[in-house]
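Hello,

Here is the structure I promised to hand over. Have a look at it first, and then read on for what turned up.

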Amino acid sequence: MSRPRNPNPPIRISHVKQQKYGGTWYVMERAVRYCHETKQTKYLYSHAVGVLVNKDDDINKMIPIDEWNEKQEQKKQEEKIENIKNEEEQKIVTPTIHDTRDLNKIVYKPQQLFVLLMAAFGAGHTNCHGASVFVNAHNNDILEFFEDFKGLELSHDSVWRFFYLLSKDINEGLLQEFNQLLIDDSQEGDKANTTRRVLAADGQAVRATRIEAGKPRPKYVLSVYDSGSELILAQNIVGDKTNEITHIEGVLQKVDIRGAIVTADALHANVRFIKAVLNGGGHYLINIKNNNRVSKEWIEGLFKTKELEAMQLADDTQDFGHGRIENRSIRVLPGSLLSPELKEKWKCSGDGTVAELTSVRYDKTNDTTSTEVSYLVSSLPYSENDIAKTLLSVNRSRWGIESTHWLLDVVYSQDRTQCKSGEFLKGKTLFMKMVLNFARIGKKREEKRLGKKISHESFKAVFSNIKEFFRLYMDIVKYPQVGEA
């Protein structure tokens, strides 16, 4: 008599060691059942239930698979954070700061101070003592980004020496190099609305230097500003026994003005400025006031005697808010109508333009209207398309440098800089301009991200949060790609 069959054979479960996945020893749970039809054992399933640290460990010492997977995921996250940290360390880019001091005696590297003081100044700590206190308060956070950061207390004397270092002739091109590293992808466009770059040159007094130095007048800083990118491109310190006029050639030589339109106030309406611009390959637009009385009277007479049909015209209206509305209209004539002497003076014998600009301002708050008429001379050819609109737009964009001076004085307290040393003033004002250039690009980035406008005063909060500042800095300041800059 044959042995009766079990219609439902039992499932047999076993645990075995198996090496896989890069050499790790797993404990596998396997389930099998005997099949009478095929007379073979059939595998139902096989999966890992644990991991052995060593091959010879007993199965009972295994680490449960869920616990093992959790540890591996945590390890991956730690490695990822470490990789990101290493990548961020490599992304901290600074301009080249040449240091002639004994390297064995330097505690803070100038490249580290450059980034840290930029955060301090951007947050509003614009004197040496305040900047050193800010850096010392964030030592622990700074260690995350600078592995070789020593974390020693930074003194205000070290900050002073850093600015003195920036003033050295060997670091003359620092501002230009830093501007090359700034990546502006806000795509806000050129506010001047012209096909050319518009540069403005203007001087700014640092008023507190008069009190400290006991001089009859404060020290001046002459700057060149790009109205399209809103960046300051160069600066020169005006000496006690000189003025802006004698420094205009030197500051323009630091900037590539080929094809650009360079503007300045009436102080620079002279042959020195004209030659500096034309020799650099640019065009000029300059206001003519009473310091050029003969030229002003001649141009004024042209617009009184010439018929309107012989002129090119343009106008625009702009609402400045707070009840202020300005309407500007311009009339343009060819520079060839000037006298031979004036054509030679303004270098527009063959081409060039003269213009009359009328500004009518209406103030709703007190219901008053004021009118101002000014005269302009430019080397731009009269035959150029829409020359009147171009001159009108360029003249307005020139005022961007005035708002820049306001930001430096009010937001970054440049006007309060007290010093006797011209070298310190040169280094500090140079650094302030780099801070402002960075802040302008960073502010546009944040406005684009948030979808709303923010003020420079509100943007200080980004600098105050040292980790947020480093994130933004490494996102903006990068080495240019091949073909850029």
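A word on exposure to begin with: buried means under 20% relative accessible area, exposed means over 50%, and partly exposed is anything in between, with a 1.4 Å probe and protein chains only. By that scale E172 is partly exposed, at 30% relative accessibility.

Please keep in mind that this is a predicted model, where local features need pLDDT of at least 70 and side-chain atom pairs count only at pLDDT 80 or more, while totals for chains, interfaces and linings use all residues. Residues are numbered from 1 along each chain as its sequence is written, and side-chain values use heavy atoms, leaving out hydrogens and water.

Salt bridges

Side chains of opposite charge can pair when their charged atoms come close. With a salt bridge taken as a side-chain nitrogen of Lys or Arg within 4 Å of a carboxyl oxygen of Asp or Glu, the structure holds 24 of them. One joins K426 to E172, with 3.2 Å between the closest N and O atoms. This pair links distant parts of the chain, 254 residues apart: K426 sits in helix α14 (residues 422–450), and E172 in the loop between α5 (156–166) and α6 (174–181). The element names follow DSSP runs, numbered from the N terminus, where helices are H or I of at least four residues and strands are E of at least two.

R471 is partly exposed at 33% relative accessibility, whereas E446 is buried at 5%. Salt bridges that share partners also join D316, E326, R328, R361, E372 and R396 into one network.

For a local example, look at E300 and K304, whose closest N and O atoms are 3.5 Å apart in their salt bridge. Both lie in helix α10 (residues 293–305), 4 residues apart, or about one turn of the helix. E300 is partly exposed at 25% relative accessibility, and K304 is exposed at 64%.

Cavities

I used a 1 Å grid over the protein atoms alone: a cavity is a set of points where a 1.4 Å probe fits but cannot get out, and lining residues have an atom within 4 Å of a point. Grid points are joined across faces, edges and corners, and the volume is the space filled by probe spheres set on the points. The count comes to 2 cavities of 30 Å³ or more.

The largest cavity holds about 80 Å³ of space. Both partners of the K426 and E172 bridge are in its lining, together with L166, L175, Q176, A234, Q235, K254 and L430. At least two lining residues come from each of α6, β7 (231–238) and α14. Counting Ala, Val, Leu, Ile, Met, Phe, Trp, Tyr, Cys and Pro as nonpolar, Asp, Glu, Lys and Arg as charged, and the others, Gly among them, as polar, this lining has 4 nonpolar, 2 polar and 3 charged residues.

The second largest cavity has a volume of about 40 Å³ and is lined by A200, A201, D202, A264, D265, R398, I401 and E402. Two or more of these residues come from each of β5 (198–206) and α13 (400–410), and β5 gives the most, with 3. By class, its lining has 4 nonpolar, no polar and 4 charged residues.

Most residues other than glycine have a negative phi, and most peptide bonds are trans. Two residues to check on that score are E230 and S413. E230, in the loop between β6 (219–226) and β7, has a positive phi near 60 degrees and is buried, with a relative accessible area of 12%. S413 lies in the loop between α13 and α14; its phi is positive at about 55 degrees, and S413 is buried at 14%.

Lastly, F114 in helix α2 (residues 110–122) is buried at 0% relative accessibility. Its C-alpha atom is separated by 8.5 Å from that of F162, 48 residues apart along the chain.

Best wishes

Key. 1 Å grid on protein atoms, 1.4 Å probe; cavity = no way out; pocket = protein on both sides within 12 Å on 5 of 7 lines; lining within 4 Å.
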